[in-house]
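Let's take a friendly walk through this structure, with the sequence and the 3D view side by side. Please keep both open as you read.

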Amino acid sequence: MVIEEAVNGRDDMLIDGQMADQDLPSGFNPNFLKLYYAKLFPYGDIFRWMSYGNDGKHPACDKSYFSRRELSFTLENDIYLRFLSFNSVSELEKGIREKCPFKIDIGPVYSVDPAKRHAYAQSGENVFKPVERELIFDIDITDYDDVRYCCSGADVCLDCWPLMTAAIRVINTALRDDFGFRHILWVYSGRRGVHCWVCDGKARRLTNEQRAAIADYFRVYKGSENSKKKVSLTGHALHPFLVRSYTEVLKDLFEQTLLSSQQIFSTEDKCEKVLEMIPDESVSAELRGRWQKRSSGSKDNINAVRWEHLKHTLQSGRHKGQGLRRCVEEIVFSFSYPRLDMEVSKHMNHLLKAPFCVHPKTGRVCVPIDPAHCHEFDPTTVPTLSQLLQELNSGGMGQEGDNDWDRTSLGESVRFFRSSFLEPLLKSCKEEMESAYNSKLQQSKNSMTW
Amino acid sequence: MEIVRRPQLKSTAIDRGVPTLPLYRSAPSLEVRLEDFELYAIDRLRVLTGISDGLSRGKRPEEMEKLVAELWKANMRHPQASEVMNKDIISHFVLRLVYCRTEDLRKWFLSMETALFRYRFRLQTAEAQRAVLAEFQLPYKAVTTSEFEVIKDKLTLVARSINQTLPTADAIFYKVPFQEVPELVAGRRVFLSDGYAYVAMNQVVSLVATQFRSLLSKALTLTNRKWMSTIREQEKDRLTPIVEALSMSYVGPDYSVGREFGELSLKDIDNVAKSSFPLCMRHLFDKLREDHHLKHWGRMQLGLFLKGVGLKLDDALAFWKAEFSQKVGAERFDKEYAYSIRHNYGKEGKRVDYTPYSCQKIISLTPSVGDHHGCPYRHFSEENLRAALCKMGVNSGGVEDVMDKVRHKHYQLACTLTFEAIHGCPNDAGINHPNQYFSDSQKILKSKVKCLRISFLLTSVIDWEFPPISTVHSLHP
């Protein structure tokens, strides 16, 4: 009467990237990084993004805008430099190339140049404060460690990566359809997660309270040591946002992918973990008994079969206990619903790693992810530092003025960044700026009386 | 009797087309007759007290709505239709003056006026409600019928997910930028689409009430400042006496201002404790007799109560000394405790006459080990409370009713039921203050005991804050 152990033949894979040339040391080192910053890092694109149209010639442009943006560098020996700012793209390039930071973080736009903040401390009033900041999200796969069995900790593989894909789809759709945001950038964090930058003017001007509200809107999982059931969906129905997430993304993810890739019902321990989420002891006892009795039968689809048992029992209507109403959805949500780091999103002054940085532990570049094709994204094939430099070397001499990144795998990412994100964003910024300017002009005209 | 010709008012609010629900944002520049000043305020106070009573009786929102409509109709009408709005506004502003003067008064007034506003808002027509939203400059647009059809299913889902009543065909929803309603977004209590939240009417009511409350709260603080700095002095011959009389002629939430108290003599105190003390004071009193000691909060709660009941300072000192000296000795009593008793009577230190605690205050206190103050309905274990109620003389049926109220955390209602059970008659006003319990009880008992009672005239050498009342009760059969 022993539940057969399904053999989990999957090896934990440490993603370390393909190494094109065995002579190059794996991943990451300061010399490579120096070269990367010399040849490949897209300063111009980052500058144009961060300027939000203020680097133009229009009279409405705020020349101080870019210089009020905080950046921070983490240097080789974990030395941390905060409240850095730059006045132009060339200063930005110079600063980065000089310091060769292992990590670059982007902070908010402050009311005054952060590098000069102490000069304003005298006036007492809270003069130095953040005034604009993208709405950001950080999703880290280690937050799912209690529901993924293929890897744990810093590792990530193609069996658990779909959790990130699902998170992108759920959050992205909500940001667009529910909140009306248009300019959203998703970026691979370089190792085990994704970041999201919402860059609409409306988003940049959100208060902390509003950011917290959005984060809470997305929050379903309330993990804590004390409760067995971390997802609790009370109410006679699910909110339309949850319904959409379930029917469009999570149900299939769970049933078509996670059940087998994570082998959710393959061992007694794993089964017990799910049974603990059922608030009615008689139901879980019934299922436990049934699964213990199983002695033969294909072990290939043991997960699918047991899931069917469970669904059938809960949805049959035989058991009408409190809290069983949404139990199936609760289980699916527990395993698959996005888990956000709430603190990252709630405060304007939270720093987040810049896109196109290189992750020191993996050597991978933090490249943008296309949410429309996120299911095709493969973290194991993201370009690494060594790979890119290899490509540069073998690419031969390009024309003067060519972008070096164009000759490498990075080209695709930069082009995507520009066409899908940056250009539409800047176009919209220009329009906003012009219309605001014109209406101000109109107002002042109207108020003049002759 | 002199007939004063009513001056013609320039324009009424209704003429100007503002919503029928005033927001009381600025004091009106209307002329008011002095007697209307007082009369209007008293009428409005009846409404507010009625609301207070309804709330403490745990009435549901639908019942409250009905109650408010009735109260308003009964008290706030005026023979001249054009005067109705003026009465509304004037009475509110007069009561602001009356109720701005202490923290407790402000709190009560704020709660009651907000509740009044909330329920009156619910009773308005859709158009009037829209007008109010516009006045508050809330950027809410009502959802059109065609829009509603498209999103009806989603709205139903949301309502079901938060266990609210389902939207009907004529339900009003407001389309609001999501940034305006962060709490609703955070709790997933609204349907969101393209940056807009679809807010149900009852949610709008909450938002509006919150706005109203915060405006009024700020206004009250300002009014208080103005009162203290200029108005009180300026109006000392005209409005001030009326304002102060208003707060005396009505049972506000406290018993601080001198009222028609009987007075208590020491030899009556044990009998009167058994018959007319509410449970909280009875408990403290019994414990004092038992232990010959009470800790600080217990001394405050009981001591101020006894003062409010009419115990003179001399008698109070004698009373507490008689008990405490059995525990700590007469000398120590004189040294350590007498001072604070005199302090309570305003005879020491900054000579503030401290007011006996109201139920609200007592319920908020939390006794710890060795304490006996606070509200027993809140803090006693079920067992102890049942025993205490039996001791008070409540029959077993009554005890069950009381325990039911306690379970639902309606402590004042529990006390009211206790009162009704012991005295065998209803207490419609509900218990809000231990001294009220006492005086209501005494009224009933005295009317039952048909005899002449003469209270003693005071010949105290000590100056009293409030005038001693000598009462001669003679009973008409």
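Predicted model: local features only at pLDDT ≥ 70, side-chain atom pairs only at ≥ 80, totals over all residues.

Let's begin in chain A, with helix H4 (residues 162-178) and helix H7 (residues 240-261). Their axes lie 10 Å apart, and the angle of packing is about 165 degrees. An angle over 145 degrees counts as roughly antiparallel, so H4(A) and H7(A) are roughly antiparallel to each other. Their crossing is right-handed. On the H4(A) side, the residues making the contact include Leu163(A), Ala166(A), Arg169(A), Val170(A) and Thr173(A), while H7(A) brings, among others, Phe241(A), Arg244(A), Glu248(A), Val249(A) and Leu253(A). Sorted by class, the residues of this contact are 10 nonpolar, 3 polar and 5 charged.

Now move to chain B and find helix H13 (residues 313-328) and helix H14 (residues 330-344). Here the axes are 9 Å apart and the helices pack at about 140 degrees. That angle makes H13(B) and H14(B) oblique to each other, which is why they are not described as antiparallel. H13(B) passes H14(B) in a right-handed crossing. Among the residues in contact are Leu317(B), Trp320(B), Phe324(B) and Val328(B) from H13(B), together with Phe333(B), Tyr337(B), Ala338(B) and Ile341(B) from H14(B). The contact of H13(B) with H14(B) divides into 11 nonpolar residues, 1 polar and 4 charged.

Staying in chain B, turn to helix H4 (residues 103-123) and helix H8 (residues 201-234). The two axes cross at roughly 145 degrees and come within 9 Å. This crossing of H4(B) with H8(B) is right-handed. From H4(B), the contact includes Phe109(B), Leu110(B), Phe117(B) and Phe121(B), and from H8(B) it includes Val204(B), Val208(B), Phe212(B), Leu216(B) and Leu220(B). Arginines take part too, including Arg106(B) and Arg118(B) of H4(B) and Arg213(B) of H8(B). By class, this contact has 12 nonpolar, 5 polar and 5 charged residues.

How many cavities of 30 Å³ or more does a search of the whole structure find? The search finds 9. The second largest cavity holds about 100 Å³ of space. Its lining has 15 residues, and those nearest the centre are Cys280(B), Cys359(B), Cys375(B), Tyr377(B) and Cys415(B). Helices H11 (279-291), H15 (359-364), H16 (376-379) and H19 (411-423) of chain B are the elements that each give two or more residues to this lining.

Technical notes. Residues numbered from 1 in each chain as written. Chains lettered and ligands numbered in written order. Heavy atoms only, no water. 1 Å grid on protein atoms, 1.4 Å probe; cavity = no way out; pocket = protein on both sides within 12 Å on 5 of 7 lines; lining within 4 Å. Points joined across faces, edges and corners; volume = space filled by probe spheres on them. Helix = DSSP H or I, 4+ residues; strand = E, 2+ residues; numbered from the N terminus. Axes fitted to C-alpha atoms, helices over the stretch in contact; angles between N-to-C directions. Parallel < 35°, antiparallel > 145°, perpendicular 65-115°, else oblique. Left-handed = near helix turned anticlockwise from the far one by under 90°. Contact = heavy atoms within 4.5 Å. Nonpolar A, V, L, I, M, F, W, Y, C, P; charged D, E, K, R; others polar.
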